[in-house]
Amino acid sequence: MGKRRKARENAVQILFQLEFDNSKPEETLKQYWIKQRSNTETKEFTKQLINGIAAHQEEIDRTIQAGSENWRVSRMPLVDRNILRMAVFELFYE
């Protein structure tokens, strides 16, 4: 599996976890890496995705909402919502 693909998979799992707790992304990342092994490049890209999405989440959610017909972002399934956030972040900010 490619490093960036693995980083995106990690990011979806971490974003999902962040939906349920009020911790900061850095804390969740730290806890995630205790249980998961990965190379430095994958960890760095995962961190870049998580921190970037967190920093721009309001703008990202507005962009998703603008393109969504009859769906509020808050009502979207968690996995779908976070995959969309990651996609919008990469398209707009990477």
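Predicted model: local features only at pLDDT ≥ 70, side-chain atom pairs only at ≥ 80, totals over all residues.
Asn70 sits in the loop between helices H3 and H4. Although Asn70 is not a glycine, its phi is positive, at about 65°. Is Asn70 buried or exposed? With a relative accessibility of 80%, Asn70 counts as exposed, because the cut-off for that word is over 50%.

**The start of the chain**

Let us move to Met1, which lies in the segment before H1. Met1 is exposed too, with a relative accessible area of 64%. Setting aside neighbours within four places in sequence, Met1 is in contact with Lys6 and Glu9. Thr28 comes 27 residues away from Met1 along the chain, and the C-alpha atoms of these two residues are separated by 23 Å.

| Helix | Number of residues | First to last C-alpha | Expected at 1.5 Å a residue |
|---|---|---|---|
| H1 | 16 residues | 22 Å | 22 Å |
| H4 | 16 residues | 22 Å | 22 Å |

The reach of H1 is close to the expected value, and the reach of H4 is likewise close to what is expected.

Which residues of H1 are buried? They are Ala7, Asn10, Ala11, Val12, Ile14, Leu15 and Leu18. These buried residues of H1 pack against H2, H3 and H4.

Helix H4 covers residues 78-93. Its buried residues are Arg81, Asn82, Arg85, Met86, Val88, Phe89 and Glu90. Helix H1 (3-18) and helix H3 (40-67) are among the parts that cover them.

Asn82 has a relative accessible area of 1%, so it is buried, a word used for values under 20%. Beyond its neighbours within four places in sequence, Asn82 is in contact with Leu15, Phe16 and Glu19. One of these, Leu15, is itself a buried residue of H1.

**How the helices pack**

Two packed helices are described by the angle between their axes and by the distance between those axes.

Take H2 and H3 to begin with. Helix H2 runs over residues 25-35, and its axis is 10 Å from that of H3, at an angle of about 155°. How do H2 and H3 run relative to each other? An angle over 145 degrees counts as roughly antiparallel, so H2 and H3 are roughly antiparallel to each other. Their crossing is right-handed. On the H2 side, the contact is made by Pro25, Glu26, Leu29 and Trp33, while H3 brings Lys43, Thr46, Lys47, Ile50, Asn51 and Ala54. Sorted by class, this contact has 5 nonpolar, 2 polar and 3 charged residues.

Now turn to H3 and H4. Their axes come within 8 Å and cross at roughly 95°. Because angles from 65 to 115 degrees count as roughly perpendicular, H3 and H4 are roughly perpendicular to each other. Residues that H3 brings to this contact include Phe45, Leu49, Ile53, His56, Ile60 and Ile64, and those from H4 include Arg81, Leu84, Met86, Phe89 and Tyr93. By class, the contact of H3 with H4 has 11 nonpolar, 5 polar and 5 charged residues.

How values were computed: Residues numbered from 1 in each chain as written. Heavy atoms only, no water. Helix = DSSP H or I, 4+ residues; strand = E, 2+ residues; numbered from the N terminus. Expected span 1.5 Å × (residues − 1). Buried < 20%, exposed > 50% of the residue type's maximum accessible area, 1.4 Å probe, protein only. Contact = heavy atoms within 4.5 Å. Axes fitted to C-alpha atoms, helices over the stretch in contact; angles between N-to-C directions. Parallel < 35°, antiparallel > 145°, perpendicular 65-115°, else oblique. Left-handed = near helix turned anticlockwise from the far one by under 90°. Nonpolar A, V, L, I, M, F, W, Y, C, P; charged D, E, K, R; others polar.
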